[in-house]
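Thank you all for coming; I would like to walk you through one model this morning. Please have the sequence and the structure open while I talk.

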Amino acid sequence: MSKKRKRINFSLEPISAMNEKQKKVLSCRENQVLIGSAGTGKTFLATYLGLKEVLDERSDITKLVFFRSAVPTRDIGFLPGNEKEKMEVYTRPYKGICSELLKNGTAFEELEFKGNIGFQPTSFVRGTTLKNTFVIVDECQNMTFHELDSLITRLGEDCKIIFCGDTEQADLKNNGFGRFHGILRTMEEFSTTSFEIEDIVRSDLVKSYLRNKSRYSKG
């Protein structure tokens, strides 16, 4: 039974699927793995689904949390400033998506202040139990198996999770995403959508570049 909670005064901008694979993602009620080319909308779609749950007063999910590794150094010590300033490099894409979907330039900060949204590097996940949370694990191709294993075993009651990754953009050569995804494929709780170059929606230029990059590599 859904818990009574305070109303969040944001309206989610409706979006429409731009191809059949996006339609599959938006209609899926399971946990998901979204893999494939850059510019196909993986993180955008995942964020939309997470915000939809958080803003739905009937949902038990009250918080959206993004997880990501600090690649390539595996830490954030080399960046200037305090911890919040260092994390800005990694939260910037999610702030932009939230601003677009909620038509508010400070939506991420306002929801963060209310405790409805957050960002954490994978370094701090150990010992945490997540409840009533929609989890987006981004850039999975840059995580070790231990990181991915640690994340999924943090999930408590009333949680959903989406893993996003692109194996063609791996900065971490010995990543554990392949092995981890192999396990998820055997679980009925997960649905996988694999995006190809032809599913790119960011721009025709990106699609053309990646198409020709693929041909050049093969040639």
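I will take the cores, then a helix pair, and then one further helix.

This is a predicted model, in which local features need pLDDT of at least 70, side-chain atom pairs count only at pLDDT 80 or more, and totals for chains, interfaces and linings use all residues. Residues are numbered from 1 along each chain as its sequence is written, and side-chain values use heavy atoms, with hydrogens and water left out.

The largest nonpolar core has 31 residues, and Leu51, Leu64, Phe66 and Ile117 have the most contacts inside it; by such a core I mean buried Ala, Val, Leu, Ile, Met, Phe, Trp, Tyr and Cys residues joined through side-chain atoms within 4.5 Å, where buried is under 20% relative accessible area, exposed over 50% and partly exposed in between, with a 1.4 Å probe and protein chains only. Apart from it lies another core, of 21 residues, which includes Val33, Val125, Leu130 and Phe163.

Turning to the helix pair, helix 1 (residues 20-27) packs with helix 2 at an angle of about 25°, the axes being 10 Å apart; helices here are DSSP runs of H or I with at least four residues, strands are E runs of at least two, and both are numbered from the N terminus. The axes are lines fitted to C-alpha atoms, for helices over the stretch in contact, and angles run from 0 to 180 degrees between N-to-C directions. Contact means heavy atoms within 4.5 Å, and Gln22, Val25 and Leu26 of helix 1 meet Leu45, Tyr48 and Leu49 of helix 2.

Finally, 6 of the 8 residues of helix 5 (residues 145-152) are buried, so this helix is largely enclosed by the rest of the structure. The buried residues of helix 5 are Phe145, Glu147, Leu148, Ser150, Leu151 and Ile152, and they pack against strand 2, strand 4, strand 5, helix 6 (177-184) and strand 6 (190-195).
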